[in-house]
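Colleague: Could you walk me through reading this model? I would like the general idea each time, then the case at hand.

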Amino acid sequence: MSTLILRTVAPALTALMLLFSVFVLLRGHNEPGGGFIGGLIAVSALAIYGIAFGVGAVRRAIRFHPMAIAGAGLLLATLSGFLSIFFGVPFMTGLWVYPVILDVEVPLSTVMSFDLGVYLVVVGAIISIALALEQEPGPELGGEGD
């Protein structure tokens, strides 16, 4: 069901939705949002792109295997939690640093890196499921001819 209108609008809509997902991710530890909801919005954007252009186009767009994305996110979220133990505070305690970048003090925290890890886990796991459901069955997937 890939119409001309969908194929025309999908790239712009996908880019806009991915930008919004990053916005939701970044405001998540101060207001409603965060890694989980931002990840779901990103997966929705990639699903629209996949409906318009197919599974192969989505695989080329994300460049990495979806489970590698999920694994990297899980590693990042886990390291964010364990980092607090090395500083002698309870597990998953938020730690903050304030580096000055271009004369602007930028607050960075393990809370943000944990949210980013959750975002990557959600994107990797759910897009992996979606791509597996959308892929055409072939000989390697147990389709016709086996």
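Modeller: Happy to. Let's begin with a loop: Met 92 sits between α4 and β1 (96–97), where helices (H or I, at least four residues) and strands (E, at least two) are DSSP runs numbered from the N terminus. This is a predicted model, in which local features need pLDDT of at least 70, side-chain atom pairs count only at pLDDT 80 or more, and totals for chains, interfaces and linings use all residues. Residues are numbered from 1 along each chain as its sequence is written, and side-chain values use heavy atoms, with hydrogens and water left out.

Colleague: What is the phi of Met 92?

Modeller: Phi is near 70° there, a positive value in a residue other than glycine. Leu 102 also has a positive phi, about 55°, without being a glycine. Leu 102 is in the loop between β2 (100–101) and β3 (104–105).

Colleague: Is Leu 102 buried or exposed?

Modeller: The general idea is a cut-off on relative accessible area: buried means under 20%, exposed over 50%, and partly exposed in between (1.4 Å probe, protein chains only). Leu 102 has 80%, so it is exposed. Met 92, at 39%, counts as partly exposed.

Colleague: In what order do the elements run from the N terminus?

Modeller: The order is α-α-α-α-β-β-β-β-α. The radius of gyration is 19 Å, well over the 15 Å that the globule rule gives for 146 residues, so the protein is more spread out than a compact globule. Here the radius is taken over C-alpha atoms, and the rule is 2.2 Å times the number of residues to the power 0.38. Along the principal axes, the C-alpha atoms fill a box of roughly 60 × 35 × 25 Å.

Colleague: How should I read helix α5?

Modeller: Start with the expected span, 1.5 Å times one less than the number of residues. Helix α5 (residues 110–134) has 25 residues and reaches 36 Å from first C-alpha to last, close to the expected 36 Å. Its buried residues include Gly 117, Tyr 119 and Leu 131. Among the elements covering the buried residues of α5 are α1 (4–26), α3 (55–62) and β4 (108–109).

Colleague: And which residues does Phe 53 touch?

Modeller: Contact means heavy atoms within 4.5 Å. Leaving out residues up to four places away in sequence, Phe 53 touches Arg 7, Ala 10 and Pro 11. Phe 53 lies in helix α2 and, at 35% relative accessibility, counts as partly exposed.
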